[in-house]
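Hello,

Here is the structure you asked for. My notes on it follow below.

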Protein chains: 2
Amino acid sequence: MTIRDVAKSAGVSPATVSRVLNKPDLVEPETRERVRFAMEKLNFQPNAIARGLSAQRSDTLGLIVPGITDLFFNELYRGIDRASQSYGMKVLLFNAEHARDRALDGFSFLGQHQVSGIIFTSKLVTEEFDPVLQRLRIPVVLVLTQSTAKTPLQAFRVDDIKAVFDVVSYLVSRGHHRIGMIAGKQDHEITGQLRLRGYEMGLQHFGIPYDPRRVEYGDYRFDEGYSAMQRLLDRQRDLQLTAVCTAADEMALGAIRCLYDNGLRVPEDMSVVGFDDLQISRMILPRMTTVAQPFADIGAHAVRWLMGVLGQDQTPSETGIYFLPHRLVERESVLTLV
Amino acid sequence: MTIRDVAKSAGVSPATVSRVLNKPDLVEPETRERVRFAMEKLNFQPNAIARGLSAQRSDTLGLIVPGITDLFFNELYRGIDRASQSYGMKVLLFNAEHARDRALDGFSFLGQHQVSGIIFTSKLVTEEFDPVLQRLRIPVVLVLTQSTAKTPLQAFRVDDIKAVFDVVSYLVSRGHHRIGMIAGKQDHEITGQLRLRGYEMGLQHFGIPYDPRRVEYGDYRFDEGYSAMQRLLDRQRDLQLTAVCTAADEMALGAIRCLYDNGLRVPEDMSVVGFDDLQISRMILPRMTTVAQPFADIGAHAVRWLMGVLGQDQTPSETGIYFLPHRLVERESVLTLV
DNA sequence: TTGTAAGCGTTATCAT
DNA sequence: ATGATAACGCTTACAA
C-alpha cells in the first residue's frame with residue numbers, strides 16, 4: 001500500500017497525494033477530498049521511513065538516559081515526550097544501562113537514525129566525549145548535568161549548590177546544627193560535587209565548621225544510602241547528628257530504612273531531607289521533605305531549546321547553563337527542634 | 001557522508017561497501033580492510049533510515065505502554081530492551097498516556113515506522129481493537145494483559161487468579177480470616193477482575209464467606225489505594241479486618257499510608273499484601289510482602305516469541321496465554337496471628 | 001492546481 | 001569477488 005496506489009485509485013499523481021499529506025492547502029479542496037477518500041478506502045498508512053529518507057529529516061529527537069531503572073526517568077521522559085509531541089516530534093530512547101561506553105554508543109546509534117537533536121541526561125560530559133561530539137553534526141543539549149568537555153554544550157538543570165544550601169538553611173532554621181550529609185560519589189556525576197559544595201557553603205554561611213566525618217558517600221541508589229547512613233551511625237556517639245541531608249531521594253529512602261533498623265525514628269530521632277522529589281517520596285512514611293526538581297519542565301525546556309536551534313538552522317549561537325527553579329517541599333521527615 | 005563517498009575513497013563500488021557492512025565474508029579480506037579503513041577515515045555512519053527503506057525492515061520492535069509513569073514500566077522496559085538487543089533489534093516506545101484512543105494510535109504510529117512486531121502492555125484488548133488489529137500486518141504480542149477481541153493474540157503474564165489465591169492462602173496460614181481486598185476497578189484492566197476472582201476463590205477454598213463490604217476498588221494508583229482503604233476503615237467496626245490484600249503495590253502503599261494516618265500500624269494492627277514487587281516495595285517501611293511479577297522475564301519472553309514468529313515468516317501458528325511463574329515475597333507487612 | 005522526474009542512501013539482483 | 005543498476009516509498013523542484 002503506497003502513495004502510488006492511492007494516486008491511482010484517486011486518479012491523480014503521486015505528487016498530489018504527497019501534497020495532501022504535507023501541504024493540504026496547496027491542493028484543490030475537491031481533489032483533496034478525493035484523495036483522502038482513497039486513503040481511507042485503501043487504509044493507507046504513509047511509510048515514515050521512506051518519508052524520512054526523502055525529506056532528509058526524521059522528525060525525531062534522541063534521548064540518552066544513563067539507566068532506565070532510575071526512578072526519576074519516568075517524569076523526565078514524560079516532559080520530553082509531551083514537549084516533543086507539541087512540535088510534531090517523536091522521541092527515540094537510548095538506554096546506556098549505566099555504562100560509560102554505552103553512553104558514547106548512544107550518540108552514534110541516534111546519529112545513524114538521523115535524529116534532529118539529542119538530549120543527554122544525567123552523566124557528566126567529560127573530555128572523552130569530545131571526539132564523538134566534534135564529528136557529530138547534530139545539536140546536543142544536556143539535562144540534569146553539565147559538560148567539562150571542550151565542546152560547548154547547552155545545559156538545563158537546577159542550581160544544585162543553591163538547592164542544598166537552601167536545605168541547610170532550612171534545617172538550621174528548624175534548630176539543627178549537627179547536620180550530616182550523604183553525598184553522591186565525587187567521581188560519579190557532577191551533581192555529586194555540586195551538592196556537597198552546597199552543603200559546605202550552607203554550613204559556612206551559618207558559621208558551622210565543616211567536619212568530614214559527618215559526610216558519607218553513595219552511588220545514588222537505595223543500598224548505598226543505607227550503608228552510608230550506617231557508617232554515619234557508627235560514629236553517631238561522637239557526631240550527635242540531628243539531621244542528615246542527602247543527594248538523592250533514593251539514598252534518603254535507604255537512610256531512613258537504616259535508621260529504623262537501628263531503632264531510630266524519623267524525624268523524632270533524626271531528620272532526613274531528600275533530593276529529587278520522586279513520586280514515591282510523598283507516598284512513604286514519613287512523607288519525605290525534599291528538594292523538588294522540575295523534571296518535566298526541564299525536559300520541556302531542553303526540547304524547546306533544540307527546536308529553537310533547529311529552527312535557525314544548526315547554530316547553537318549561545319550555550320551555557322540554564323538553571324530552573326527548584327523548590328523545597330516541606331513534608332514530615334524533619335523535626336523542628338525547640 | 002554516504003556509502004558512495006566511502007566507495008570512492010576505497011576505490012570500490014558502493015555495492016562492495018554495502019557488502020562489508022552486511023556480509024563481510026563475501027568480500028576479499030584485502031578489499032574489506034581497505035573499505036574499513038576508508039570508513040574510519042571518513043567517519044562513516046550508515047544511514048539507518050535508508051537502510052530500512054531499502055532492506056524493507058527496520059530491525060525495530062514497537063512497545064505500547066499505557067503510561068510511562070507507571071512504576072512497573074522501568075523493569076518491563078529493561079527486560080524488553082535487553083532481549084531485543086540480543087536479537088539485534090531496537091525498541092521504539094509509544095506512551096499512550098492512559099488514554100484509550102492514544103493506545104489505538106500507537107498501532108498506526110508503530111506501523112508507519114515499519115516495526116517488525118508490536119508488544120502491547122497492560123490494558124485489556126477489547127473488540128474495539130479488532131478493526132485496527134485486522135488490517136495490521138504486523139505480529140502483536142500482549143504482555144501483562146490479554147485479549148477479549150476476536151483477533152487471537154498471544155499473551156504473556158502471570159496467573160493473576162492463582163497469585164491472589166496464593167496470597168489468601170498465605171494470609172490464612174498466618175492466622176488471618178477477616179481479609180479485605182482493595183481490587184482494581186473492574187472495567188479497567190483485565191487483572192482487576194482476575195485478581196478479585198483469585199480473592200474470592202481463596203476465601204471459598206478456606207470456607208470463608210465472601211462479603212462484598214470487605215472489598216473496595218481503585219484505579220491502581222496511590223491515591224485511590226488510600227481512599228479505598230479509608231472506605232474500608234470507615235466500616236472497620238463491623239468488618240474487623242486483620243489483613244488486606246491489594247491488586248497493586250502502588251495501591252498498597254496508599255493503603256499503608258492511610259492506615260498510619262488513622263493511627264494504625266502495619267503489620268501490628270493490619271496486615272497488607274501488595275502485588276507487583278516494585279523496586280520501592282523493599283525500600284519502604286515496613287518492607288512490603290507482595291507478589292512478585294517477573295517483569296523482565298515476561299518482556300524477554302514476549303520478544304522471543306515475536307522473533308520466533310518473524311523467523312518463520314508471519315505465521316503466529318498458535319496463540320494463547322503463557323503464564324509465567326509469580327512468587328510470593330515474604331517481607332514485613334504481614335503479622336502472624338497466634 | 002497538478003504532473004513529471006530526479007533524488008534521498010541503502011540493499012539486492014544480475015552480470016561479469 | 002566485484003560492479004552496474006534497479007528498486008524501496010516518499011518529497012520536492014520544476015514544468016505545464
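For chain A, UniProt (unreviewed entry) gives the feature "domain: HTH lacI-type" at residues 1–55; UniProt positions are in the numbering used here, feature names are shortened, and annotations may be inferred rather than shown by experiment. This is a predicted model, in which local features need pLDDT of at least 70, side-chain atom pairs count only at pLDDT 80 or more, and totals for chains, interfaces and linings use all residues. Residues are numbered from 1 along each chain as its sequence is written, chains are lettered from A and ligands numbered from 1 in the order in which they are written, and side-chain values use heavy atoms, with hydrogens and water left out.

The span 1–55 of chain A is 71% helix and 0% strand, and its end C-alpha atoms are 20 Å apart. Helices (H or I, at least four residues) and strands (E, at least two) are DSSP runs, numbered from the N terminus. Chain A divides into domain 1 (3–46), domain 2 (60–158 + 303–323) and domain 3 (160–292), with bounds that come from an automatic or database domain assignment. Between the C-alpha centres of domain 1 and domain 2 of chain A there are 37 Å.

**DNA strand C**

DNA strand C has 27 residues around it, the closest being A:Thr16, A:Arg19, B:Ile3, B:Ser18 and B:Ser54. A residue counts as near a molecule or strand if one of its heavy atoms lies within 4 Å of it. Of the atoms of DNA strand C that come within 4 Å of the protein, sugar and phosphate make up 63%.

Which elements supply the surface near DNA strand C? α2 (14–22) and α4 (48–55) of chain A, and α2 (14–22) and α4 (48–55) of chain B, each give at least two residues. That surface has 11 nonpolar, 11 polar and five charged residues. Here Ala, Val, Leu, Ile, Met, Phe, Trp, Tyr, Cys and Pro count as nonpolar, Asp, Glu, Lys and Arg as charged, and the others, Gly among them, as polar.

Polar contacts are pairs of N or O atoms within 3.5 Å; within protein, one must be able to donate a hydrogen and the other to accept it, and residues adjacent in sequence count only if both atoms are side-chain atoms. Phosphate oxygens of DNA strand C have these contacts:

- a polar backbone atom of A:Ser13, at 2.8 Å;
- an N or O atom in the side chain of A:Thr31, at 2.8 Å;
- a polar backbone atom of B:Ile3, at 2.7 Å.

**DNA strand D**

Around DNA strand D there are 27 residues, of which A:Ile3, A:Ser18, A:Ser54, B:Thr16 and B:Arg19 come nearest. Sugar or phosphate accounts for 65% of the atoms of DNA strand D within 4 Å of the protein, and bases for the rest. The surface near DNA strand D draws at least two residues from each of α2 and α4 of chain A and α2 and α4 of chain B. By class it has 11 nonpolar, 11 polar and five charged residues.

Bases of DNA strand D are contacted too. A side-chain N or O atom of B:Arg19 is 2.5 Å from a base oxygen, and a backbone N or O atom of A:Ala50 is 3.4 Å from a base nitrogen. A polar backbone atom of A:Asn47 is 3.2 Å from a phosphate oxygen of DNA strand D.

**The two chains**

Chain B superposes on chain A by a rotation of 180 degrees with 0.1 Å of shift along its axis (RMSD 0.1 Å). The two copies are thus related as by a two-fold rotation axis. B:Ile49 has the C-alpha of chain B nearest the axis, at 2.9 Å.

**Backbone details**

The peptide bond between B:Val266 and B:Pro267 is cis, with omega about 5 degrees.

Conventions: Copies are superposed by least squares on the C-alpha atoms of residues with pLDDT of at least 70 in both.
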